[in-house]
Every structure is written in structure tokens, then in C-alpha cells.
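Good morning, and thank you for making time for this item.

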Amino acid sequence: MSLSDSNSTKKSRREDIDADWSDMAGHWRIRPDTCYLNHGSFGLTPTAVVKCRQDWSRLLDEQPMDFYLRQLEPAFHNARDELAGWLNTESKNLVFVENATSAMNIVAGSFPLEPGDEVLLNNHEYGAVRRIWQTQCDANQAKLVSAHLALPLETHAQIVDSLFAKVTRKTRLIVVSHITSPTAIIMPVQEICDRAKAMGIAVCIDGPHALAQLEVDLSQLNCDFYTASCHKWLCAPLGSGFLYASAPNHSRMHPINRSWGRLLPAIPERWDEEFIWMGTRDPASFFAIPAAIKFMEKVGLESFRSRTHWLATDARKKLLDLFKTHGQTPATRQWYVTMCEVPLPESCWPACPDLQSRLWSRHGIEVPVIQFEDRWFIRVSYHLYNTTADTEKLLDALSGELKIR
Ligand SMILES: Cc1ncc(COP(=O)(O)O)c(C=O)c1O
């Protein structure tokens with residue numbers, strides 16, 4: 001089914017009426033035994049985007065020489081131009097990498113750190129990102145500093161002030177998620193970039209959750225680095241990520257697995273050309289990114305955001321009612337869009353370590369139950385294939401598992 005065949009046009013869809021979105025699930029192939037409330041961890045790819053990736057892979061499989069010698073570079077440039085336009089940056093600032101992790105490793109491997117320098121992040125950062133920077137700081141006798149952003153949060157100023165309270169004369173870089181993984185909070189990255197710039201501190205934004213949930217305008221943000229995986233909310237295939245670096249950083253950025261850069265006899269002359277040929281591989285996932293952008297734009301990004309924010313907010317309210325706990329941020333689109341997190345009551349904590357696996361094995365529900373610091377939370381994610389029936393199923397399962405009503 002194509003989006004234009006959908007029985008309701010995007011104009012007529014109301015955010016709170018499941019029936020207006022009933023055609024949407026048909027754009028994904030979701031295993032029938034699964035209630036998927038975890039698009040935030042690994043997004044499901046719409047069938048139109050899967051087909052695009054398969055078509056590119058077929059071209060490669062059927063004639064690798066022709067593909068690599070004559071089709072690879074034009075396809076790389078076309079896909080990159082589309083993504084760069086969508087992110088409002090110049091193509092030469094962007095390279096494809098497998099995922100946000102690869103991009104972050106490249107930034108860490110290239111960022112100049114001297115003994116005594118400090119890299120600042122905060123307690124809501126992704127664990128693997130923290131590991132990457134701890135390793136890099138240790139290797140350079142630099143210090144990893146973590147600001148503590150205490151929950152609940154009421155204003156963005158609280159975040160910015162707590163972060164900058166940890167800045168010293170030695171702070172060289174701030175690493176911050178655009179949307180945090182363990183707490184699903186939108187961070188005020190524009191304010192952080194503006195303030196850091198004024199102090200001569202570089203900023204690296206870890207952005208996999210932000211693509212499609214938010215409008216990402218890289219020119220406006222004016223950060224030094226932006227790392228992302230496109231497989232989450234943008235719905236590109238797994239294995240499609242990018243690294244953005246601002247022009248002053250280009251000359252020192254290199255792939256981790258350095259290869260020819262381009263296909264011989266061409267030789268790389270600019271930083272971004274080093275990333276075209278990083279050894280023999282299937283780049284089909286990169287070339288399917290434009291199909292994902294097209295898919296989301298056809299639905300309408302604003303429709304997607306308002307519908308999924310409505311679903312997430314409805315779930316948050318019902319979960320808070322069930323748990324008798326309190327939201328950790330205001331319930332507005334300044335704080336979350338498609339994904340939100342709800343604290344479990346202390347009385348349920350003993351049951352939490354295996355709650356996620358029981359929700360799957362007994363109820364077919366995929367949803368992460370997360371320990372953040374000394375408390376337990378449930379993080380619910382909504383994409384266009386979800387409906388309130390998924391929320392009701394989750395509420396039912398939680399009531400039974402935790403013996404609460
Ligand atoms: C905030 C954040 N950063 C980085 C990553 C790593 O992404 P990937 O595994 O696609 O490299 C994730 C993954 O969920 C994430 O949520």
C-alpha cells in the first residue's frame with residue numbers, strides 16, 4: 001500500500017482518534033505476536049523503505065564491479081545531499097557511518113585532549129557514550145566530568161544552569177544528548193550550544209532520538225559535532241547513521257577503519273571523501289535514507305509529532321494514575337514528543353529487575369523497564385503503527401504483574 005492510497009488524508013486525521021490512523025500499521029510488517037512499544041530502542045522499518053534498501057542490495061549483488069566503480073559515488077552524493085538538505089547543512093559537513101556509536105567514536109578519536117583538559121557530560125547520557133569518553137579521557141590524562149541533573153525537572157534553565165555550574169577553565173567539550181535515552185527528555189541544546197560557543201567550548205550533540213521527533217536544523221544549532229542513527233524515529237534501515245562536523249573540525253576527522261577513502265584510482269582530497277570507501281561493504285542502508293525521509297514527509301512530520309505526542313501523553317497519564325506516581329517533567333512538547341518515561345512506585349521496585357522480560361514472555365509486550373540511578377521507570381514509545389489498544393494492553397499486563405489496580 002502506498003501512502004497516497006491511505007483512506008484518510010493527513011489533513012483529516014485527528015490526533016486522538018485511532019480510527020483516523022487505522023491504515024498506518026499496514027505500512028510496517030510487525031510480527032503478529034508482538035505489541036511493540038519500544039521504537040525508541042530499535043525502530044521498525046516501513047516496508048517501502050525496506051524495499052528501497054533491498055533494491056540497492058540487489059544492484060550490488062548482481063554486479064558488484066559496476067556498482068562499486070560506477071554507481072557507488074553518485075548514489076553516496078545523492079543520498080547525502082538529500083539528508084543534508086533535510087538537516088539544513090551543507091553536504092560537505094556530513095558523512096555516513098553505521099550508527100551513532102561509530103560517529104561518537106570518530107569524534108572521540110579526533111578531538112584534541114591534553115592532560116588536565118575536561119570533557120563535560122551529565123547523568124542522563126547514554127552509557128556507551130560515557131564509556132567512549134571515559135576511555136578517551138583516560139588515554140589522554142584528561143578528566144570526564146558529569147553534571148547531575150536531578151529529577152523532577154521543571155524548567156530548561158535548571159538543566160542549563162546545572163550543566164554550566166560544572167564548567168571550568170579546563171572544559172574543552174560538552175557532550176549532550178538531543179533527547180536522552182534513559183529518561184526520554186528533550187535537552188535544551190540550542191541554549192547549551194549558544195552559551196558554550198560564547199565561552200569557546202566545543203559541543204557534540206548525541207542525536208539519534210531527535211531525528212523526526214524534532215526539527216533538526218544543523219545551521220541554526222551551530223554545534224561542532226552531531227552524531228546520529230537514522231533507524232529510530234526517522235524509520236531508515238538499521239545501519240544508517242551519520243556524523244556532522246563543522247568546517248573548522250574537518251581537517252582532523254578520520255574514519256576509524258581508514259581505507260582507500262575513494263575507489264582507486266580516485267584519491268580522497270577532503271575529509272568527507274575518506275568516508276566513501278571504508279573497505280568493501282553494502283551501503284544500501286545509507287542509500288535508503290531518502291526513502292525514509294520521503295515516507296515521513298508524506299505522512300507529514302507535524303501530523304506524526306502531534307499524533308505520537310498525544311499517544312505518549314495519554315499513556316503517561318494512565319500509567320501515572322495506575323502507579324500513583326508523578327511525571328518527572330511537564331507534559332508538553334518542549335519536554336517529550338513520541339517517547340516518555342514514568343516512574344514505578346517504590347513498592348513495585350522488587351519486581352522490576354525481571355518485569356521487562358515478563359512483559360515480553362507472558363504478554364508479548366516489548367517495552368523497556370529502566371533503572372535510572374536508584375529508581376525504576378518504564379519508557380513507552382509511540383510510532384504511527386501504535387494505537388491506544390497498545391496502551392490498554394500494557395496497563396492490563398502491568399496491573400496483573402505488579403498486582404496493582
Ligand atoms: C542517546 C543515545 N545515544 C547513542 C545511542 C547509540 O545508538 P546506536 O546503537 O545506533 O549506535 C543510543 C541508542 O539507543 C541512544 O539512545
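Two strands are taken to pair if DSSP finds at least two bridges between them. Helices (H or I, at least four residues) and strands (E, at least two) are DSSP runs, numbered from the N terminus. Please bear in mind that this is a predicted model, in which local features need pLDDT of at least 70, side-chain atom pairs count only at pLDDT 80 or more, and totals for chains, interfaces and linings use all residues. Residues are numbered from 1 along each chain as its sequence is written.

I begin with the sheet of three strands. It is open, with the order β9-β12-β11 and antiparallel pairing. Its edge strands, pairing on one side only, are β9 (339–343) and β11 (369–372). From one strand to the next the twist averages 35°; axes here are lines fitted to C-alpha atoms, for helices over the stretch in contact, and angles run from 0 to 180 degrees between N-to-C directions. Five bridges link β9 to β12 (residues 375–381) in the antiparallel sense, and P343 has F377 of β12 as its bridge partner. Helix α10 (residues 301–323) packs on this sheet, where it touches β9 and β12, and its direction makes about 5° with that of β9. Contact means that the C-beta atoms of two residues, placed from the backbone, lie within 7 Å.

Helix α10 also meets helix α9 (residues 289–299): their axes come within 5 Å and cross at roughly 70°. The two helices are therefore roughly perpendicular, the term for 65 to 115 degrees, where angles under 35 count as roughly parallel, over 145 as roughly antiparallel and the rest as oblique. On the α9 side the contact is made by M296, E297 and V299, and on the α10 side by L301, S303 and F304. By class, these are four nonpolar, one polar and one charged residues. Nonpolar covers Ala, Val, Leu, Ile, Met, Phe, Trp, Tyr, Cys and Pro; charged covers Asp, Glu, Lys and Arg; the others, Gly among them, are polar.

Four bridges join β2 antiparallel to β8 (residues 241–245), and F96 is the bridge partner of F242. Elsewhere, β3 (residues 118–122) and β5 (residues 171–177) pair in the parallel sense over three bridges, with L120 opposite I174.

I close with the ligand. The residues around it are S41, N99, A100, T101, Y126, V129, S177, S181, D206, P208, H209 and S229, a residue being near a molecule or strand if its C-beta atom, placed from the backbone, lies within 6 Å of it. This shell divides into four nonpolar, seven polar and one charged.
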